[in-house]
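Please read them with the structure open.

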Amino acid sequence: MALTTSANFIKYLLFLFNFFFVITGVIIMAVGLTVQGAYHGFRDVLDAKFFTVPTFLVVIGSFIFFIAFFGCCGAYKENYCMTLTFSVLLILIFILELAAGISGYVLRNDTRELVSNALNSSMKSYGTNNSGDITLIWDEIQVDFDCCGVYNSSDWGRANSAVFNETFLPMTCCRPQTGAVGSVSCPDASSNTLRKTGCVDSFGDFIKAHAVSLGAAGIALAVIQFFGILFACYLAKQIKLQGVSTY
């Protein structure tokens with residue numbers, strides 16, 4: 001038995017939705033990979049939680065390509081089982097994306113504390129033989145985000161009083177001294193070049209902004225896919241009621 005006009009309309013609408021569904025998969029993978037790339041350079045000082053959500057989004061995006069196959073085949077063959085499977089998988093993706101979006105916003109709220117803890121614990125390894133990339137990462141953070149220490153420059157003395165104090169800080173705590181000749185120190189005699197802002201603010205804002213993009217992407221795409229669930233469930237119901245292929 002042929003589908004009704006409204007069911008046929010939903011059928012072709014589902015084809016169109018699957019096209020956009022694949023695009024959302026690409027978008028969500030792109031967001032996850034972009035945030036992973038932004039965080040990657042700071043992996044030795046960031047909490048593992050900052051890498052969990054973007055990785056989760058990349059996995060979801062990859063899974064979407066597989067799910068779209070069921071949607072297209074089920075609609076084309078007017079197959080109840082495949083369309084129902086597509087509906088169930090869409091619901092699963094909807095829940096996962098919603099969870100990822102909420103996790104992104106929760107991560108945003110916890111960013112300051114997590115970044116503060118990560119920076120404080122890594123300061124002790126700065127300049128040591130077994131510091132790995134931590135020294136380079138700290139130098140990069142202080143230069144790129146125009147900051148020094150976690151909250152201010154005095155954090156260096158508290159973290160490693162045997163090496164640092166108010167008159168002897170990492171060179172990246174100071175801006176380059178224009179026209180300086182011979183040896184230079186940080187801070188300089190006038191302290192005009194000292195970066196006075198703590199990195200928990202400027203660097204933390206950078207991390208938080210990317211956490212927000214994760215939350216926004218997850219929730220926005222989940223809302224779009226909610227309509228796909230409605231289309232798929234309606235089509236599956238019509239196929240079953242009208243006795244179209246169930247295998």
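Does Asp146 count as buried, partly exposed or exposed, and at what relative accessibility?

1. At 31% relative accessibility, Asp146 counts as partly exposed, given that buried means under 20% relative accessible area, exposed over 50%, and partly exposed in between, with a 1.4 Å probe and protein chains only. The residue sits in the loop between helix H4 (134-144) and helix H5 (154-159), and its phi is positive, about 50 degrees, although Asp146 is not a glycine. Helices here are DSSP runs of H or I of at least four residues, and strands are runs of E of at least two, numbered from the N terminus.

2. On provenance, this is a predicted model, in which local features need pLDDT of at least 70 and side-chain atom pairs count only at pLDDT 80 or more, whereas totals for chains, interfaces and linings use all residues. Residues are numbered from 1 along each chain as its sequence is written, and side-chain values use heavy atoms, with hydrogens and water left out.

3. The structure holds two disulfides, a disulfide being a pair of cysteine sulfur atoms within 2.5 Å. One of them is formed by Cys147 and Cys199, with the sulfur atoms 2.0 Å apart, and this link is right-handed, with 90 degrees about the S-S bond. Because Cys147 lies in the loop between H4 and H5 and Cys199 in helix H6, the pair ties together parts that are 52 residues apart in sequence. Cys147 is buried at a relative accessible area of 0%, and Cys199 is likewise buried at 0% relative accessibility.

4. A disulfide also joins Cys148 to Cys173, at 2.0 Å from S to S, and with 75 degrees about the S-S bond this link is right-handed. It connects distant parts of the chain, with Cys148 in the loop between H4 and H5 and Cys173 in the loop between H5 and H6, 25 residues apart. Cys148 has a relative accessible area of 0% and is buried, as is Cys173 at 0%.

5. Not counting residues up to four places away in sequence, Phe203 touches Phe42, Leu46, Val115, Leu119, Ile141 and Phe145.

6. Thr83 has its place in helix H3 and is buried, with a relative accessible area of 1%. The C-alpha atoms of Thr83 and Cys233 are separated by 7.7 Å, although these residues are 150 residues apart along the chain.

Definitions and conventions:
Contact means heavy atoms within 4.5 Å.
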